[in-house]
Amino acid sequence: MRVVTAMLLLLTQAIPLAAQTSPPQTNEQRVDQLFADYDKPGSPGCALGVIQHGAFIYRKSYGAASLELGVPLSSQSLFYMGSVSKQFTAASVVLAAEQGLLSLDDDIRKYIPELPDYGKPVTLRQMLHHTSGLREYETLEVLAGQSDRNLRPTSELIELIARQKALNFSPGTEFQYSNTNYFLLAEVIKRATGKPLSVFAAENIFRPLGMTHTLFYDDNSMVVPGRIPAYAAGRNGGFLVDWSTNFDRVGAGGLLTSVDDLLLWDRNFYDNHLGKGTLIKQMETRGILADGTQIPYMLGLEAGTYRGLPIIEHSGGHFGYSAELLRFPQQHFTVACLCNVDQADPVTLAYSVADIYLKDRLHAADVSTSPSASQFPFSATRFAGKYHSTRYHTMRSVTVKDGRLSIGSTAYDRVGANVFKSPGPWGSNATFAASGAGESLTIGSDGQVEWTGARVNVPRMKQATLADYAGTYTSVELKASYTVTVTDGGLNLRAYGDSTITLKPGVRDEFVSGRLPMLGYIALVFQRSGNGRVSGLALSSAGVRDLKFDKSH
């Protein structure tokens, strides 16, 4: 035994060092490392499909489809797709238009006349591009004290939308993502074609493409073979399950599909077999605002670039499910990443997979470096302060410390004299501009403004002044009442579901909450009558602007 060991040692020493090193990792091994956190017993995870030229070049699932049954995920597992569903709703609208059952330029009230007349028509095309101005109905539900998880008839939700007396903006003048658009488009399909979206899409999309396991889930009692639950983190490293059986809304979401079926959908973007031939061109046409500005959002899809290459993508998620469908059309390359655990980030995972397979075609990742002080003298007093948006009635706090600028909790790198960029491939630009004696801030990317405001001085509020705002406020649009109280020198709002929310002052007569679950924020602008007394308020939140409340006296 000792002789054999000695001979092996001599042989090892004789092998050149280069030959002893580990072989380079394959693309597949690098991808597996990205999903290593889920590729273990007792964890839900993700199903992945990497597609090129209409075929899988890698397909693998990581983690469990069911922790209860010990069943692993597979490419046939059916996931709830959230907003990835929108592209299938949009395709249904286009195919119905090809059949002469509707027109993309029709007024929504042609099909849903119970909606109010807002003075200008809201067209189906504007809804498809999210330029309609319709308020976000899921936010309205929460503000009315109702859970968006509860099973509620479509008629009841349409009634809530129809009670809204105003839009967020004039139709066609802005882009603002709103699930209301696609929820109502599902109802348009039903009324225009005489078939629910689930049936129309099955007949015109899923069955023709062979997507035999894909469906719009509009019946919460339906047995769906292959459907999997989603999970959230629980205590002591465990998980909490969520089947979402009380949810059956379709249009904005509601699609169930698998990695295998998404291959068939992806192929159709290069060789269309649906309808009369206009589908792909329509779906890949970007929206245009009234002033001629082109927006990235197409029909249920969003255009952009990633490290120098054009992309078309959409993500989605709800109840712990999340998904990303990322396509590089010039390379005929697509990543489908579907996850059933709420900690997963399929968007980042999908782009990271693309980094591996397209590494020779992608431009080098942006590495932001701050310009030298001599190039752009940096003055903390020039930029720091509170900025207020008159559009959203919200505040942004800008701080400068050790030569680094932050907006809220996000640090920005200097990329120009007055321009800063947040890190990452999806970072936004923050541009400062002198405006008279003040300073303005605009945040946005790809030519789209996400937020804009001017620097302001926030007043100190005395308790006697705060008392002017106290009282009960009622909204006929929500059928709900809120109470404003003064406590310990501050203003509090008792609102939906008896939630108590602390409000911070902004400019005169404006207050805003901190970050809130499901809503993001609430901003209140108090209204005064001719005698100067507070007579009401206008509430803004995620996807909802200037919702009116009257004060009870």
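Phe333 counts as buried, because its relative accessibility is 0%; buried means under 20% relative accessible area, exposed over 50%, and partly exposed in between, with a 1.4 Å probe and protein chains only. Thr394 lies 61 residues from Phe333 along the chain, and their C-alpha atoms are separated by 40 Å.

This is a predicted model, in which local features need pLDDT of at least 70 and side-chain atom pairs count only at pLDDT 80 or more, while totals for chains, interfaces and linings use all residues. Residues are numbered from 1 along each chain as its sequence is written, and side-chain values use heavy atoms, with hydrogens and water left out.

**The sheet around β13**

What order do the strands of the open sheet of 6 take? They run β2-β1-β13-β12-β11-β10, with antiparallel pairing; two strands pair if DSSP finds at least two bridges between them. β2 (55-62) and β10 (302-306) are the edge strands, each pairing on one side only. On average, and with direction ignored, neighbouring strands of this sheet are turned by 20° against each other. For such angles, axes are lines fitted to C-alpha atoms, for helices over the stretch in contact, and the values run from 0 to 180 degrees between N-to-C directions.

Within the sheet, Gly317 stands opposite Ser322 in β12. Helix α12 (residues 346-357) lies across β1 (46-52), β2, β10, β11, β12 and β13 (333-339), and runs at about 30° to β12.

**Antiparallel pairs**

| Strand | Partner | Bridges |
|---|---|---|
| β11 (residues 309-318) | β12 (residues 321-328) | 7 bridges |
| β7 (residues 230-233) | β8 (residues 239-242) | 4 bridges |
| β27 (residues 522-528) | β28 | 7 bridges |
| β28 | β29 (residues 544-551) | 5 bridges |

With β27, Ala523 stands opposite Ser540 in β28, and the hairpin has 5 residues between the strands, with Gly532 at a positive phi near 85°. On the β29 side, the bridge partner of Leu537 is Phe549, and the hairpin has 2 residues between the strands, with Gly543 at a positive phi near 75°. Why is β28 (residues 534-541) largely enclosed by the rest of the structure? Because 7 of its 8 residues are buried.

**Helices**

Helix α10 (residues 259-268) is also largely enclosed by the rest of the structure, because 8 of its 10 residues are buried. Those buried residues are Val259, Asp260, Asp261, Leu262, Leu263, Trp265, Asp266 and Asn268.

Helices α4 (residues 86-98) and α8 (residues 179-193) pack at an angle of about 35°, with axes 10 Å apart. Their crossing is left-handed, meaning that the near helix is turned anticlockwise from the far one by less than a right angle (clockwise would be right-handed). On the α4 side the contact uses Lys86, Thr89, Ala90, Ser92, Val93 and Ala96, and on the α8 side Asn179, Tyr182, Leu185, Ala186, Ile189 and Thr193.

**Two more residues**

Glu439 lies in strand β20 (residues 438-445). Is this residue buried or exposed? Glu439 is buried, with a relative accessible area of 5%. Its side chain reaches the backbone nitrogen of Ala433 at 3.2 Å. Not counting residues up to four places away in sequence, Glu439 touches Arg382, Tyr387, Phe432, Ala433, Ala434, Ala454 and Arg455.

Ile288 lies in the loop between α11 (279-283) and β10. Ile288 counts as exposed, because its relative accessibility is 57%. With residues up to four places away in sequence not counted, Ile288 touches Thr293 and Gln294. Ser352 is 64 residues from Ile288 along the chain, and 31 Å separates their C-alpha atoms.

Methods: Contact = heavy atoms within 4.5 Å. Polar contact = N/O pair within 3.5 Å; in protein donor to acceptor, adjacent residues only side chain to side chain.
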